[in-house]
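Please look through the model below before reading my points.

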Amino acid sequence: MNVSIATVAKDVDTTVTGIQTAITLYTLVMASLMITGGKIGQILGRKRAFAIGCVIYGCGSFITAISPKPRLLMFGWSFLEGVGAALILPAIVALVASNFERSGRPRAYGLVASAGAIAVAAGPLIGGLFTTYLSWRWVFVGEVLMVLGILALTRRMADATPEGRVRLDLVGTALSALGLGLIVFGILRGGAWGFVKAKPGAPEWLGLSPSIWLLITGGVVLWLFLGWRTAGSPAARSRW
């Protein structure tokens, strides 16, 4: 959708910066919840987490497709699709392992990676064609249809072996999400603010770009997360 930013901004009555913010927030939500999404897959089962993630992602795509205003678009695109992707991506890794024999796994993982590479190349072309000749909204309608097709095929999918007596550590979840979120946000804003020295017109924190402080703070929070993970009894450590 990067090729359609100006058209989307005009259609939902916002600015190009507003749409760029939506894209940034999608990446931020997905990245910050990735560890938590993998843990939820351990608790619920990889197949169920994958299916739930697809449903959430599909709902986000549908809401984005019908959004008349930027707030609703951000809720569907940035939040719901980001949460859905955080559940889907970790589950894929485990599901490939459970659905292919050891000898076929390298090929399966290679196909997953190649599909992502093809999408990077073909996505702008497809987005540009839809935006020029139809509407950018049909891109998200297409995502809904793809999700429905994927859900129909999940019956043929073997689930990964569930892990018993696993529960979600809320403190660890908060620390991992905050740490990853700060780091990813610092990286995403580095191009506009500068990574160490602030660019002209960009904000400064103690004479440096906010990006470097976000990266440092995120690293400290992740260090606290690792400390929390290894602290306490073996039962506490097994929660992660």
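**Notes on the model**

1. Start with Ile52. Setting aside neighbours within four places in sequence, Ile52 is in contact with Leu44 and Leu87 (contact means heavy atoms within 4.5 Å). Ile52 is found in helix α4. Helices here are DSSP runs of H or I with at least four residues, strands are runs of E with at least two, and both are numbered from the N terminus. Why is Ile52 counted as partly exposed? Because its relative accessibility is 33%. The cut-offs are under 20% relative accessible area for buried, over 50% for exposed, and partly exposed in between, with a 1.4 Å probe and protein chains only. The C-alpha atoms of Ile52 and Ile88 are 8.2 Å apart, although 36 residues separate them along the chain.

2. A word on the source. This is a predicted model, in which local features need pLDDT of at least 70 and side-chain atom pairs count only at pLDDT 80 or more, while totals for chains, interfaces and linings use all residues. Residues are numbered from 1 along each chain as its sequence is written, and side-chain values use heavy atoms, with hydrogens and water left out.

3. Next, confidence. pLDDT is the predictor's confidence in each residue, from 0 to 100. The chain has a mean pLDDT of 87, and 94% of its residues reach 70 or more. Among the elements, helix α4 (residues 46-66) has the highest mean, 95. Helix α10 (residues 234-237) has the lowest, 49.

4. Now the overall build. The chain has ten helices and zero strands. Its C-alpha trace spans about 50 × 50 × 30 Å along the principal axes. Of the 240 residues, 40% are buried. Take contacts between residues at least 6 apart in sequence: 70% of them join residues at least 24 apart.

5. How do α5 and α6 pack? Two packed helices are described by the angle between their axes and the distance between the axes. Helix α5 (residues 70-99) and helix α6 (residues 105-133) pack at about 145°, with axes 9 Å apart. Axes are lines fitted to C-alpha atoms, for helices over the stretch in contact, and angles run from 0 to 180 degrees between N-to-C directions. Ile92, Val93, Val96 and Ala97 in α5 meet Arg105, Ala108, Tyr109 and Val112 in α6. By class, this contact has seven nonpolar, no polar and one charged residues. Ala, Val, Leu, Ile, Met, Phe, Trp, Tyr, Cys and Pro count as nonpolar; Asp, Glu, Lys and Arg count as charged; the others, Gly among them, count as polar.

6. Look inside. The largest nonpolar core has twelve residues, including Ile5, Val12, Leu73, Trp77 and Trp136. Such a core is a set of buried Ala, Val, Leu, Ile, Met, Phe, Trp, Tyr and Cys residues joined through side-chain atoms within 4.5 Å. Helices α1 (5-11), α2 (16-32) and α5 each supply at least two residues of this core. A second, separate core of eleven residues includes Tyr26, Tyr57, Ile88 and Met157.

7. Finally, check two loop residues. Most residues other than glycine have a negative phi. Asp13 is not a glycine, yet its phi is positive, about 60°. Asp13 lies in the loop between α1 and α2. Asp13 counts as exposed because its relative accessibility is 57%. Leu206, also not a glycine, has a positive phi of about 55°. Leu206 lies in the loop between α8 (170-193) and α9 (210-230). With a relative accessible area of 81%, Leu206 is exposed.
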